[in-house]
Amino acid sequence: MATYTKELQRNKKAWHDYYIEDTYEAGIELFGTEVKSVRLGRLNLKDSYIMIERGQAFIYGMHISPYDKGNIFNKDPMRPKRLLLHKNEIRKLNANVMQQGYSIVPLKVYLKQGLVKVEIALAKGKKAYDKRDAQAKKDAQREIERMLKG
């Protein structure tokens with residue numbers, strides 16, 4: 001059986017603000033109208049983050065726009081959504097966050113065989129000077145490519 005994936009949303013800010021250490025694939029618990037809205041690509045991951053509470057992972061700050069034809073069945077767009085991970089993955093993530101100062105951030109939301117999945121990452125925050133260095137390297141590389149083309 002062929003697997004197909006369709007990327008719905010990418011969190012570009014996460015790659016800019018964090019060093020990505022390890023990635024995980026998680027399911028996400030959504031209601032019917034939320035799934036329809038996500039399939040239309042009406043979501044935003046920009047300022048979202050993941051917290052582990054009572055042995056479960058939740059994503060906060062992920063905005064899913066209300067479905068146009070959903071009327072009374074629409075949920076709050078900013079409600080915390082539960083992530084579906086194995087217990088050992090949750091324990092490992094929680095241990096790293098507690099001891100080593102890591103954060104858990106969502107990288108992208110995509111469809112995998114018709115199911116909504118979230119790619120999450122164990123990440124360490126960048127300092128301001130690291131961000132400037134990364135931007136300077138990117139600009140230099142872009143300038144070199146421009147010179148080689150022209």
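Figure 1. Arg 54 counts as exposed, at 71% relative accessibility. The model shown here and in the other views is predicted. Arg 54 sits in the loop that links E4 and E5. Its phi is positive, about 50°, although Arg 54 is not a glycine. Most residues other than glycine have a negative phi.

**Figure 2. Gln 113 in the loop between E8 and E9.** Phi of Gln 113 is near 50°. That is a positive value in a residue other than glycine. Is Gln 113 buried, exposed or partly exposed? Its relative accessibility is 34%, so Gln 113 counts as partly exposed. The cut-offs behind that label are under 20% for buried and over 50% for exposed.

**Figure 3. Helix H3, residues 87-100.** H3 has 14 residues. From its first C-alpha to its last it reaches 20 Å. This is close to the 20 Å expected at 1.5 Å a residue. Ile 90, Leu 93 and Asn 96 are buried in H3. Seen down the helix axis, the buried residues fall within an arc of 135°, so they line one face of H3. An α-helix has 3.6 residues a turn, so residues three or four places apart point the same way. On the other side of H3, five residues are exposed: Lys 87, Asn 88, Arg 91, Met 98 and Gln 99. Just after H3 comes Gly 101, with a positive phi of about 75°.

**Figure 4. The cover over the buried residues of H3.** Which strands take part in this cover? They include strand E2 (18-28) and strand E4 (49-53). Strand E5 (56-60) is also among them. So are strand E8 (103-112) and strand E9 (115-125), as part of what covers the buried residues of H3.

**Figure 5. Asn 96, a buried residue of H3.** Asn 96 lies in helix H3. Its relative accessible area is 15%, and Asn 96 is therefore buried. The cut-off for buried is under 20%. Leave aside the neighbours within four places in sequence, and Asn 96 is in contact with Gly 101, Tyr 102 and Leu 122.

**Figure 6. Helix H2 and its buried face.** Which residues of H2 are buried? They are Thr 33, Glu 34, Ser 37 and Val 38. Viewed along the axis of H2, these buried residues fall within an arc of 140°, so they line one face of the helix. Their cover includes strand E1 (5-10), strand E3 (43-44) and strand E6 (63-64). Strand E7 (81-84), E8 and E9 are also included in the cover over H2. Just after H2, Gly 41 takes a positive phi of about 80°.

**Figure 7. Ser 37, a buried residue in helix H2 (residues 32-39).** The relative accessible area of Ser 37 is 0%. What does Ser 37 touch, not counting residues up to four places away in sequence? Its partners are Arg 42, Ile 64, Ser 65, Pro 66 and Tyr 67.

Figure 8. Ile 28 is found in strand E2. At 9% relative accessibility, this residue counts as buried. Ile 28 and Ile 59 are 31 residues apart in sequence. In space they are 8.9 Å apart, C-alpha to C-alpha.

Figure 9. The secondary structure comes to 4 helices and 9 strands. From the N terminus on, the elements run β-α-β-α-β-β-β-β-β-α-β-β-α. The C-alpha atoms fill a box of roughly 55 × 45 × 35 Å along the principal axes. Buried residues make up 35% of the 150 residues. Take contacts between residues at least 6 apart in sequence: 69% of them join residues at least 24 apart. The accessible surface comes to about 9,700 Å², and 51% of it belongs to carbon and sulfur atoms. The chain has 30 positive and 18 negative side chains. The centres of the two sets lie 3 Å apart.

How values were computed: Residues are numbered from 1 along each chain as its sequence is written. This is a predicted model: local features need pLDDT of at least 70, side-chain atom pairs count only at pLDDT 80 or more; totals for chains, interfaces and linings use all residues. Side-chain values use heavy atoms; hydrogens and water are left out. Helices (H or I, at least four residues) and strands (E, at least two) are DSSP runs, numbered from the N terminus. The expected span of a helix is 1.5 Å times one less than its number of residues. Buried means under 20% relative accessible area, exposed over 50%, partly exposed in between (1.4 Å probe, protein chains only). The arc is that of the directions from the helix axis to the C-beta atoms. Contact means heavy atoms within 4.5 Å. Accessible areas come from the Shrake-Rupley method with a 1.4 Å probe; for residues, only the protein chains shown count as cover. Lys and Arg count as positive and Asp and Glu as negative; His and the chain ends are not counted. The place of a charge is taken as NZ of Lys, CZ of Arg, CG of Asp or CD of Glu.
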